[in-house]
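Good morning, and thank you for coming.

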Amino acid sequence: MKNIFQNQLSTIIHNGNYRTLSTLVHKKNKIYYEDRWLLNLSSNDYLGLASNIELRNEFLEGLTAEHFIAGSSSSRLLTGNYDVYNRLESRLAELYESESALVFNSGYHANIGILPAVTTRKSLILADKLVHASLIDGIRLSDAQCIRYRHNDYAQLEQILDTKTSHFDIVIIVTESIFSMDGDEAELNRLVEIKNNYQNVMLYVDEAHAVGVRGKQGLGCCEERGIISKIDFLVGTFGKAFASMGAYVICTRRCRDFLINTMRTLIFTTALPPVNLEWTLFILNKAILMSDKRMHLHKISQILYTPLNRLNGEQHQSCSHIVPYIVGASERASHLAKEIQKAGFYVLPIRPPTVPLGTARLRISLTADCSLQDTKELLSIIMKEDKSE
Ligand SMILES: *Cc1c(COP(=O)(O)O)cnc(C)c1O
């Protein structure tokens, strides 16, 4: 037994993909690492809310011991469904102008729970090649058949739909809005048009990296494009820009009722801590007003992705605050990350199996706390390293 682990670990080490957990000290948007404070460009705190001490103080001022309930002690279906769940879900439904919303423990719970619940052996899932691991796991746990289409290749998607749709009870197209590793976007309007050509095709959009960041109120790319009501399953997370924990789906009332009755990752897990839900609601109400932060983030993102897109080649064209710099080999990505860390930026290498083989990269997550000056400095360091390669 011991040898199995050792052999596999040796392979991982040999391929330059060995991972460890580092303990990090945080102060605002800085991280203490190897005796220095580095600007954190590897977090998903896209609006800088998780690192904002004033917001925490304001929240604490309004909190009493009575509301500080750190554990819910039960599933939502037994005694864990505290009133704050209703307030949060009503608020979400109101903001999205949708019939209803349902909150989950995390985006991972949402993605591995919804797809198995809503599909059967007679269903077909069509997923973008680059969807997040949690969606892949949801597909694996479902009885549905699955075909992956090439990343954002809607001609291929339509071809599959034309030949397959009539053989299945339902077909679900699964995509992210902003993709987590390339920072590029799905053409959501096109996907809506495509699904509207069929009676039994639905659209599942994971907005994990877009909520908080896109749209007038930060409700995501679907808000930005005015197509919220066209999406059958609109999934957002609270763990990223919203600086909390948990996730939600925006859907019809009937779909919500159905999920409450069938979704295993909702039924068979302890409900979120009420204090966590209170914080989420607090942050949500703040974040919808933060257009200035969204605009600043958009501006510095453009400054970084415009030149890096030229280096990355046409397969990897970011148009968001997630900006990769593709270098190919894992060792090169690790080495480059070290160099950039020396210059004061906490940037990490992303290696297979998180990204496809041969596309190891630096993945820069800009946040609204990152200044124009910081962004320009980072860019000039990357450009220097690129030339010295
Ligand atoms: C982070 C992420 C998730 C998982 O969300 P958690 O709330 O962190 O579990 C799901 N989908 C995508 C695309 C993500 O990036």
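Let us begin with helix α6, residues 154–164, and helix α7, residues 188–196, whose axes come within 11 Å and cross at roughly 15 degrees. That angle makes α6 roughly parallel to α7, a term for angles under 35 degrees, while over 145 counts as roughly antiparallel, 65 to 115 as roughly perpendicular and the rest as oblique. The axes here are lines fitted to C-alpha atoms, for helices over the stretch in contact, and the angles run from 0 to 180 degrees between N-to-C directions. Helices (H or I, at least four residues) and strands (E, at least two) are DSSP runs, numbered from the N terminus.

Before going further, please note that this is a predicted model, in which local features need pLDDT of at least 70 and side-chain atom pairs count only at pLDDT 80 or more, whereas totals for chains, interfaces and linings use all residues. Residues are numbered from 1 along each chain as its sequence is written, and side-chain values use heavy atoms, with hydrogens and water left out.

Which residues of α6 and α7 make the contact? On the α6 side they are Y154, A155, L157, E158 and L161, and on the α7 side R190, L191 and I194, where contact means heavy atoms within 4.5 Å. By class, this contact of α6 with α7 has six nonpolar, no polar and two charged residues. In that classification Ala, Val, Leu, Ile, Met, Phe, Trp, Tyr, Cys and Pro count as nonpolar, Asp, Glu, Lys and Arg as charged, and the others, Gly among them, as polar.

A second pair is helix α4, residues 107–118, with helix α9, residues 253–262; their axes are 10 Å apart and the packing angle is about 100 degrees. α4 and α9 are therefore roughly perpendicular to each other. Here I114, A117 and V118 of α4 meet F258, L259 and T262 of α9. The contact of α4 with α9 has five nonpolar, one polar and no charged residues.

Helix α9 also holds R253. Leaving aside residues up to four places away in sequence, R253 touches E99 and S100.

The contact of α12 with α14 divides into eleven nonpolar, two polar and three charged residues.

We now turn to the ligand. How far is a polar side-chain atom of N111 from a nitrogen atom of the ligand? The distance is 3.5 Å. An N or O atom in the side chain of H209 is 2.5 Å from an oxygen atom of the ligand, and a polar side-chain atom of K240 lies 2.6 Å from an oxygen atom of the ligand.

Finally, the backbone. Most residues other than glycine have a negative phi, and most peptide bonds are trans. The peptide bond from P352 to P353, however, is cis, with omega near 10 degrees. P353 lies in the loop between β13 (348–350) and β14 (360–365). E34 has a positive phi, near 45 degrees, and lies in the loop between β2 (30–33) and β3 (36–40).

Definitions and conventions. A polar contact is a pair of N or O atoms within 3.5 Å; within protein, one must be able to donate a hydrogen and the other to accept it, and residues adjacent in sequence count only if both atoms are side-chain atoms.
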